[in-house]
Amino acid sequence: MPSGVIPGKYFVQGDEAIAEGAIAAGCRFFAGYPITPSSETSETMARRLPEVGGVCLQMEDELASIHAVGAASVGGMKAMTISSGPGISLKLEGLGWGIKNEIPYVVADVQRAGPSNGVATRVGQGDFYTIRYGSAGGNHSIIALSPKSTQEAFDLTIDCFNLSEIFRCPVFLLTDETVGHTRELLVIPEEDELKVVKRFKPTVAPEKFVMYPLNTPGVINYPFPNIGEGYGICVSPYTHNSKGYASTAQDIQEKMARRLVLKVTENLDKLVRVESQKMEDAEFAVIAYGGNARPAVAAVDMAREQGMKVGFFRPIIVWPFPDADVLKVAEKVKNILVCELNIDGQLSREVARASKGKAEVFHFGSGGVEPHLPAQIFNEIRRFYK
Amino acid sequence: MAITIVKDFCKGCGFCIVSCPKKVFDLSDEMNKKGYRLPAPVRIDDCTGCSLCDLYCPDFAIVLEKTKKKDKEKEVG
Amino acid sequence: MSTVGETLNVLHPLVEKYLRKERMPHMACSGCGIGQVVHSVLLAIDELGLTPKDTVWVQGVGCSSRITYSTWVGDNVDAHHGRMFAVATGLKMARPDMNFICFTGDGDCGAIGGNHFIHACRRNLDVTAILFNNGIYGMTGGQVAPTSPVGAVTTTTPYGNIEDPFDMCQMAVAAGASYVARWRSTDFKALTNSLKKGIQTKGLAFIEVLLQCPTNFGRYVLKSSNPQDVLTWIKEHSVTQKEAEKLSKEELTGKYLIGEFVHRPERTGIVERYQEFLKTHQKY
């Protein structure tokens, strides 16, 4: 399969970088519905995917998109969709199909100010919990990565595709309008510098192959046979046994739930992706993610200029939440300031939970529309710094 | 024609009994393990091999097999 | 010679060849017409020489779909409620070389799945879709469907349905499906032939089948759980298009037209158009 990667330096929006990252990762199916601020990804895919022989469809709605994407992956293609908050809400049931049947694909959420339709063209960070807990019924883990820049939007999209194959599940790219719509430098490397994980295929005969490894919940790098490969696969939205036959038995439900949770939680070592700056001697930490990360870094620099021992920590992987790394931060510093673009406090809640009381956690939230200004964050640092 | 009722599949709907133009079937006294009362091809000699029972059965519970003797008789006329 | 089969030593040849034995008997109620339609589908598959290697069964949620869940011995893809057509779109675009037999129902196609249904017709997706129209929601216990007749007493219309039903076939025709037809579960030969025609027609083949639901439609709407009564009702309320020409508008009210409505294989669909499109636009 031709990579379609065109190495070089580009001046593009994060949304476009997502599309290029997907193509570099081998994505050859995209289905989406226009929704601000993600539409530029759909438009880039519409232009680029046919060039690499891929299928790009504008579906009739958000639900059709996620189901077509899951189906295309069942059909053997690496697939992706993108949306924003209101569309992600619509996709949540369909996401469950991908989770339950262990189907690899990528869903990107370009967050906008919310709730509801909110402000379509402006930034927010209110879907942090939605993507983790929004799909019906619980009993599953979620993997989500969040870029801070156009370059990371490209790099992490490839990472998302790789993780989706390794963990055989849908993976989120949780981004936002700031990253999605900011134009900056993107460097696309040579093809041989890219690390792309190929889909795992069975090495045993169909009679011996276990489609859903319910009895080995922690196994990853697990094969995913597709239709037309002679494996007689069964895909079902209901709780099903390891063959894919729907079941109401309690022990099957138990095994299925454990499989979908543990396959991620038992492999956390594969999911460490964090960033620290100036944390070595820090007594105060600022935590932010996505489009709010760089203002936080600038504020930390301002604080350092004033002699304050402030450091910056960023979860690049937002789900599963990097508990162990956040605990290390909490054990080191006295206070943590979490800066996020929501008033209800989502990231800060996770940070507080993971800190286990080792540091005091302050939530600096705003409703969105604008990311925090470095000066705003710096003021908050000054308020709480001891 | 040899008619076999696949006991475990029959759900006692009665379509075979009602649809047979030659009234080959009757309800038997036998029940399968689900409690459905099974039909039986009691007048098998009247069977013309029309296959309506097979088509009407929603549960693939009727297996028809052309018997050599009957075919030969038909050929001779 | 007659015998009554003891165990599964004797199996129907279609079951032997095409269905997963451990999933039989299927979960349909006694007297339900779904099994009859599946029988016709298997005959069509058999007569055309389709195989488990090149054919996928796709279904949604409802009796229409759950009875065929993981029943076909090849690949089975069961979608969320209403999303069968969206899933079929993804599957077919990924594997245009394979055949897709798709099952759907009153709610799956006409209610929650309505949008995906009309767009699949508009795109003329090259699959064969069979709509099980039993005029009610069976799996969930007998609620009204968008295909329920006016006046039908159901669990959610205890005083009688006041809404008009869809004519799903006319919607498929208007939206662009290449082949559209309506039959009854007991139109065995016509249905099998129509299925063969639909499978062989490029573009979306939409085949609606009126069938008996003795458990819910029978009990709630007709006050009888006897499947024969439901079959009789269907017969009394259906008329061939030729017969319909002789009837007045009043006489036709509440009647279902049976037969083929459209066969336009010349209308291209998204699958072949996309393949053509790539010939121009693929660079790498």
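What share of the contacts in chain B with a separation of 6 or more comes from residues 24 or more positions apart? Keep that in mind as you open this predicted model and select chain B to begin.

**Stop 1: chain B.** Colour chain B by secondary structure and you will find 3 helices and 4 strands. Follow the chain from its N terminus, and the elements come in the order β-α-β-β-α-β-α. Of the 77 residues in chain B, 40% are buried. As for the opening question, the answer is 61%: that is the part of the chain B contacts with a separation of 6 or more that links residues 24 or more positions apart.

**Stop 2**

**Stop 3: the largest nonpolar core.** Next, bring in chain A. The largest nonpolar core has 214 residues, and the members that touch the most others are Val286(A), Ile336(A), Val58(C), Ala88(C), Leu91(C) and Phe206(C). Domain 1 (1–271) and domain 2 (274–384) of chain A both contribute residues, so this core lies between them.

**Stop 4: Leu91(C).** Finally, centre the view on Leu91(C). Leaving aside residues up to four places away in sequence, Leu91(C) touches Ala71(A), Val74(A), Gly75(A) and Ile227(A) in chain A, along with Val56(C), Val58(C), Val77(C) and Phe100(C) in chain C.

How values were computed. Residues numbered from 1 in each chain as written. Chains lettered and ligands numbered in written order. Predicted model: local features only at pLDDT ≥ 70, side-chain atom pairs only at ≥ 80, totals over all residues. Helix = DSSP H or I, 4+ residues; strand = E, 2+ residues; numbered from the N terminus. Buried ≥ 20, exposed ≤ 12 C-beta atoms within 10 Å, placed from the backbone. Contact = placed C-beta atoms within 7 Å. Core = buried A, V, L, I, M, F, W, Y, C linked by C-beta atoms within 7 Å. Domains from an automatic or database assignment.
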